[in-house]
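Subject: Structure handover

Hi,

Here is the structure for you to pick up. Please load it before reading on.

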Amino acid sequence: VIVKFSSADRMEFYTGGVDDRTRCVGSYRLDGDSVSFTYSTPDGQEFQMKGELNYRKTYLDGVWKNNESTTGKFYLEKQRVEERIVKP
């Protein structure tokens with residue numbers, strides 16, 4: 001999973017590989033050490049994720065739910081990812 005934050009409250013969420021087939025778009029909100037995401041998958045499911053950053057701000061863990069009332073827990077670890085654009 002890759003979460004890419006933009007300068008506004010928009011985000012991109014990738015669920016395996018960085019291409020349009022796995023791309024979900026949504027929004028996020030920061031409130032102190034709390035972070036909440038809302039995004040929709042290409043097949044129309046909406047997910048909400050809410051979590052807390054650890055004190056070093058190296059990971060985020062919390063709970064998620066979707067529009068079908070399914071719930072679970074998640075853990076996201078901060079990693080350095082280098083993005084490169086290749087022109088043919």
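Predicted model: local features only at pLDDT ≥ 70, side-chain atom pairs only at ≥ 80, totals over all residues.

Numbering starts from 1 along each chain as its sequence is written, and side-chain values use heavy atoms, without hydrogens and water.

**Strand β6**

β6 covers residues 59-66. Strands here are DSSP runs of E, at least two residues, numbered from the N terminus. β6 pairs antiparallel with β5 (residues 46-53) over seven bridges; pairing takes at least two DSSP bridges. The hairpin of β5 and β6 has five residues between the strands, and K57 in the turn has a positive phi of about 60°. Seven bridges also join β6 to β7, again antiparallel. L60 stands opposite L76 in β7. Four residues separate β6 and β7 in their hairpin, where S69 has a positive phi of about 65°.

**N66**

N66 lies in β6, opposite F47. N66 counts as buried because its relative accessibility is 10%; the cut-off is under 20% of relative accessible area, with a 1.4 Å probe and protein chains only. A polar atom of the N66 side chain lies 2.9 Å from the backbone nitrogen of E68.

**Largest pocket**

The largest pocket holds about 920 Å³ of space. A pocket is an open set of points on a 1 Å grid where a 1.4 Å probe fits, with protein on both sides within 12 Å along at least five of seven lines; lining residues have an atom within 4 Å of a point. The lining has 27 residues, with V3, F5, E77, K78 and Q79 nearest the centre. β1 gives the most, four residues.

Best regards

Technical notes
Buried < 20%, exposed > 50% of the residue type's maximum accessible area, 1.4 Å probe, protein only. Polar contact = N/O pair within 3.5 Å; in protein donor to acceptor, adjacent residues only side chain to side chain. Points joined across faces, edges and corners; volume = space filled by probe spheres on them.
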